[in-house]
Each structure stands twice: as structure tokens, then as C-alpha cells.
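Here is a model to work through, chain by chain.

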Amino acid sequence: MRVLARLSARADAAYDHAYHHKLRGRIWRALEGTDFDEQHESGEPPGFVYSNIFPWGEMQEGDERNLLVASPHESLLANVAEDFQADRELNVGEMPLWIDEVSALDVDVGEPGTSGTIETGTGVFVRLYEHHREKFGIEDGHGDSPTFWRPEHSIEPFTAAIEDNAQQKHDLFAPDYLPGPTEVEGPLFDGYELLKTYALPLTVTQGVEREVVLSKWRFDYTVRDDDHRRHLNLLLDCGVGGRNGLGLGFVNITNE
Amino acid sequence: MAADTDTTTLENRSEIVFLYDAEDCNPNGNPLSANDKPRVDETTGQAVVTDVRLKRYVRDQLDDDELGIYIRNPSKAPYEDVPDRDGLFKRVTELEEDDVEDMSGSDAAEAFLNNAADVRYFGATCSFSSEFQDALGDDFPGQFIGPVQFEHGRSMHTVTTKTESKQLSTVVASEAGDEQGTFATDNRLQYALVKFHGVVNENAAQDTLLSAEDVERLDALLWRSLKNQTLTRSKMGHQPRLYLRAEYATDDYHHGGLDDGIERADADETDGAEYRNITDVTLAVDDLVAALAGDAEEGHLETLHVVVDDHITVSIDGATGGPEFLLKELEEAVGADRVNRVDVYA
């Protein structure tokens, strides 16, 4: 499930590249006093992900922009939508925006047999932990610290890491009796097209900034069965890879 | 428009049993109640789902499959125009009043039925303006009786309701000025395993041109409609679990009450209010298997069309098992050559 907020710029502004932390703050503020508030510091995937303010680029007063917030929890989105409607100012760092309209969207990859493409709207955050490095023979002297995935590590550790991550989300958000992505035969995606990798300074918590390596992708899929459909739809609701609470790994269906 | 659908005359009657469940959602709201409460039989505590709700899923799926329907869903985009009664006919047939004037009423009816799959299945009452009715001619029927009839579905157990104060659809809908929407209460059922019973009448099929091909399509249609038409916010949480269509060889025969042969294995011990998902339920299907075996032995049963979900558990003669167990028991009871395991995505 998704909420689409249609925005307009309240003043001329350059695009604030350090938006992640600030936008996250606004969404958590919308959840203050709700059942979801206590998940804030839990360290687990928060159960939501969001796009950047799009289209990207500097804005002039009155320009129209959009923001999508996705979650498998309907009531989480309802709280966000209610807050967006009650408080129309959306100030994301140096970008002063106004929320003109809030609407709900349903997304679905389609029934078994459907082919399509999912594309990242924001960068994917993938860290390779020790068990990934051992399995794929990656040595970079980081010891116990995770390694950011880079193209030279090859595609296999990337797919293993995002499938492990998707399994973790499935364990959290799907009924126990249904098999998750690593519990079924077959991959999440048929094709992985790497569009680019880039490094970004990211404020992970207040006052703590880290340089992270992100990647943008185009994923091809053909829905195998109902389980696969659920796995892909969960990624549309939760995001691909880690740090979804910072708006990383937000994905869209681009070609059905 | 000339009739162009290759219809294979329907010769056999069928009886349908269809089970689906609804987890943490509202399977059928009652618009006459405050906040669209789920329909619940106050005496038995069972959830009730009307045949109209089930047929809406099917109509929406037919529409998505671009088969053409008469009674479209006004809430589904991108319908911008709301045609009048004459317009509905013209839209579905792509015929104008001049075309209709040149046709006999029965030819117009045939064109209508060939282009409105939902009317072939479920019938419709056709009421037009007097001018358009004159153009259609006296022999255009005012009403088509649907050959596919379902009874109201009921949960197989007592249901538990839950109430939440926020629901995305009401929150967003409130923006259009309906301030009450923000404060609307969202009523849901924790869990309901709903059982439907239906009959496809081959005699009534003659009047709506329902074909054998249409009935074969129904096997996948019901299943797919529950998968695809329940992804919106208020209906998210539905899953089809078991579909059986007993196709009979004997004229004018159907067993009747095949659905009565499916019960809860623990029905004597609990009212089922504590059920939360399909893994909590075991279906006792002894009477169903016995009824089908009897029909097969007496030569009534031609084919049993079956779809079984991966997660159901059944008990037969004291033994329990999953979908493969059920299918093997059915094959043993009626003969393997009589069981058609339907692939809904073929």
C-alpha cells in the first residue's frame, strides 16, 4: 500500500541532497503517539519506505512535486496520511513544500505469469556481512564490520544479501505459515541491471554522518506463483535492501 | 453487431462449492450499518457474504480480463462517464440506436449477451427509455435470469470483530470534505472462512447464451477474482482455499447441498471464534467425499473440477492431510479420470 502526496514548492529552492534524515524525521513525527512510535528505536525494519521528493532538481515557487510513502501496515499509512492532511507544511531541509493532496495507491506485480520491471527510485543499501563474505570469497580486511556491496564483488552476493533482507521482512510482516523468499525455489528477480553505484554522505542518526555506497537497479521479474507475488509485493511496500527507514531501496513497477 | 462468440451449448448442470477466507478485513460490509460493519448473523455469530459481493468480484475480474460486462463498477477507474440505461447497452454492444432499429429484438439480445459476459453468467434486468425500447423491439427480453446462482456465503464458524479508529481509505476520503471520514471506525473480522454454494443451470443457460466455455472459465475466474480483486485496502487479506465444481452427466440432476459435506473437524469442541488463519482449521470432508462417490457410482457425475490451496488441512476417515491427500482421496472416490485438477493460471 502507498500514499501519494502531491506537493507544491512554497519558494524557490535548490534540491537538498541531505533530505533522507529530514524526511525520515517528518514521517516519525507523523507516527508520534501511535502504536508504531515504539518501533522507532527497535533497530528492526520500520515497516515503511519512502521515495525522494520527485521529480528531482531545483524548484521554483509553485512547482509541483510528489512524495510516495509505502508500507505493509495500512494503519501506519493512515496515520501518516492524516498527519499530512492536518499539517500541510512539509519542510524537507532547505526545500519548503506544501501538501496539496493526499491519495492512496494500491500496487501489485500481478498474478502468476505476469512479467514486468521494478526500478529503484532511491539507492539500494546493501551490506555484506561476514557470512556473505565467507560464502562468496570476499576479502577486504574489514573484520567484523560489514562491507558495502560494490560491482567488483559480483552480482551473487548482492542477490543473496537482498534475499536475506527480504526474508527478514517477510518474517516480520507476513503470516508465519507462508514461506519467505529464501524458503522457496527460485530467485526474487530474473534479471538484474545495474544502472549505477555512488557514494553518499548520510546522516544515520542525529549528528552522525557516514559515507555509504548505494546502487541503482532495474530488476526484471516474471511472477512464478502466489508466494513469489507476495514476496515482490512486500518489496514494493517495504523497499529493497537495508535502511528503508531512511528512504533507501524504494522501488516502483515501471513496466507491466 | 453480429453475434461473433463461438458458443458451445451448455449441456451439463454443475454444482459449485467455493471456500475462501478473510483475515483481518471486512469481507462484506453492510452499508445500512454505522461505519459499514461486517455482516454478521446475530443468532449464529457467523459472518455473511452476499452473492452480490461474490458476483462483484467476478464482474470486476471479467472487466479486467477485457471480456466485456454490462454492470461495471463505478468505483474502478478510469470510468469518467456514468452512462444512462440506454448508454449502458450502447457501450457494451457498441451499437447505436440506428443499428438497433435495423435489427430484430432477438438479434439485439444476442449481440448484447455476446458482449456482456456478466449477463450470460448472472443475468440482468434491462430497463431502457421508451424510445430505445421501441427501437429494440418487443421481443427483446426485459429480464435475463442468470443461470449461475449462488446462495449467500457464510463463515463456517463464529467470527470475532475488531475495531480500529483509522483506515487509510476513510482518512484519505475525508479530504473531499467528508470530515466524518477521518473519525470513521474501521470494523474488521479477525478471521472468517466463508463457504459458498452455487448451481449452474443448463436450462437457464439457453436464455443467456451461457456456453460450456463460459462455465469452464468460471473455474479459474472465481479463484483469480478472489486473488486479484481483493488487493484494495478494505479487502486485503482474502485467499481462495478450495473450489469444487461437480459437473453432472444426468439431465436436470444435481446433488444439492454438496457444501453441507464440508464441516470443521473440531466443530463439537469450539465455535471457532479463536481462529486467526487457515492453519487453525481442519476441514472434515467425509460427507462430501461420500456424496461425490455416490454420484459417481450412480453415473450422475461426469467430471469433478478442483482447485486446492497449498495451506488447507482436511480430515477423511480419521486421517488428516494437505491438498495432495484431499486430491488423492477424491480421485479414489470418484475415479482419477473424473477429477480435473484445474490450473487457474493456464
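The questions and answers below treat this predicted model.

Reader: What radius of gyration does chain A have, against the value for a compact globule?
Author: Chain A has 256 residues, and a compact globule of that length would have a radius of gyration near 18 Å. Its C-alpha atoms fill a box of roughly 50 × 40 × 35 Å along the principal axes. The radius agrees with the globule value, because chain A has 18 Å.

Reader: What radius of gyration does chain B have?
Author: For 346 residues, a compact globule would come near 20 Å. The C-alpha trace of chain B spans about 65 × 60 × 35 Å along its principal axes.

Reader: How many helices and strands are in chain A, and what share of its contacts with a separation of 6 or more joins residues 24 or more positions apart?
Author: Chain A has five helices and 12 strands. Buried residues make up 54% of its 256 residues. Among contacts with a separation of 6 or more, the share from residues 24 or more positions apart is 72%.

Reader: And in chain B, what share of contacts between residues at least 6 apart joins residues at least 24 apart?
Author: Chain B has 12 helices and 15 strands. Of its 346 residues, 54% are buried. For contacts between residues at least 6 apart in sequence, the share joining residues at least 24 apart is 75%.

Reader: How much of the accessible surface of chain B belongs to carbon and sulfur atoms?
Author: Chain A exposes about 11,100 Å², with 43% supplied by carbon and sulfur atoms. The accessible surface of chain B comes to about 15,000 Å². There the carbon and sulfur part is 43%.

Reader: How are H4(A) and H5(A) oriented to each other?
Author: Helix H4 of chain A covers residues 155-173, and helix H5 of chain A covers residues 226-238. Their axes come within 10 Å and cross at roughly 90 degrees. An angle of 65 to 115 degrees counts as roughly perpendicular. H4(A) and H5(A) are therefore roughly perpendicular.

Reader: Which residues of H5(A) meet H4(A)?
Author: H4(A) brings Ala166(A), Lys169(A), His170(A) and Phe173(A) to the contact. By class, the contact of H4(A) with H5(A) has five nonpolar, two polar and two charged residues. On the H5(A) side are Arg230(A), His231(A), Leu234(A), Leu235(A) and Cys238(A).

Reader: At what angle do H1(B) and H10(B) pack, and which residues of H10(B) make the contact?
Author: H1(B) and helix H10 of chain B, residues 212-228, pack at about 100 degrees with their axes 8 Å apart. That makes H1(B) roughly perpendicular to H10(B). H1(B) contributes Leu54(B), Tyr57(B), Val58(B), Gln61(B) and Leu62(B). H10(B) contributes Arg217(B), Leu221(B), Leu222(B), Arg224(B), Ser225(B), Leu226(B) and Asn228(B).

Reader: How does the contact of H1(B) with H10(B) divide by class?
Author: The axes of the two helices are 8 Å apart. The residues of the contact of H1(B) with H10(B) divide into seven nonpolar, three polar and two charged.

Reader: Is Phe84(A) buried or exposed, and which residues is it in contact with?
Author: Phe84(A) lies in helix H2 of chain A, residues 74-86. Its relative accessible area is 1%, and buried means under 20%, so Phe84(A) is buried. Leaving aside neighbours within four places in sequence, Phe84(A) is in contact with Ala5(A), Arg26(A), Leu67(A), Val69(A), Leu90(A), Ile99(A) and Val102(A).

Reader: Is Ser154(A) buried, partly exposed or exposed?
Author: Ser154(A) is in the loop between strand S9 (147-148) and H4 of chain A. Its phi is near 75 degrees, a positive value in a residue other than glycine. At 31% relative accessibility, Ser154(A) counts as partly exposed.

Reader: Is Glu66(B) buried or exposed?
Author: Glu66(B) is in the loop between helix H1 (51-64) and helix H2 (85-93) of chain B. Although not a glycine, Glu66(B) has a positive phi of about 60 degrees. With a relative accessible area of 72%, Glu66(B) is exposed.

How values were computed:
Residues numbered from 1 in each chain as written. Chains lettered and ligands numbered in written order. Predicted model: local features only at pLDDT ≥ 70, side-chain atom pairs only at ≥ 80, totals over all residues. Heavy atoms only, no water. Axes fitted to C-alpha atoms, helices over the stretch in contact; angles between N-to-C directions. Helix = DSSP H or I, 4+ residues; strand = E, 2+ residues; numbered from the N terminus. Parallel < 35°, antiparallel > 145°, perpendicular 65-115°, else oblique. Contact = heavy atoms within 4.5 Å. Nonpolar A, V, L, I, M, F, W, Y, C, P; charged D, E, K, R; others polar. Buried < 20%, exposed > 50% of the residue type's maximum accessible area, 1.4 Å probe, protein only. Rg over C-alpha atoms; globule rule 2.2 N^0.38 Å. Areas by Shrake-Rupley, 256 points an atom, 1.4 Å probe, with all protein chains shown as cover.
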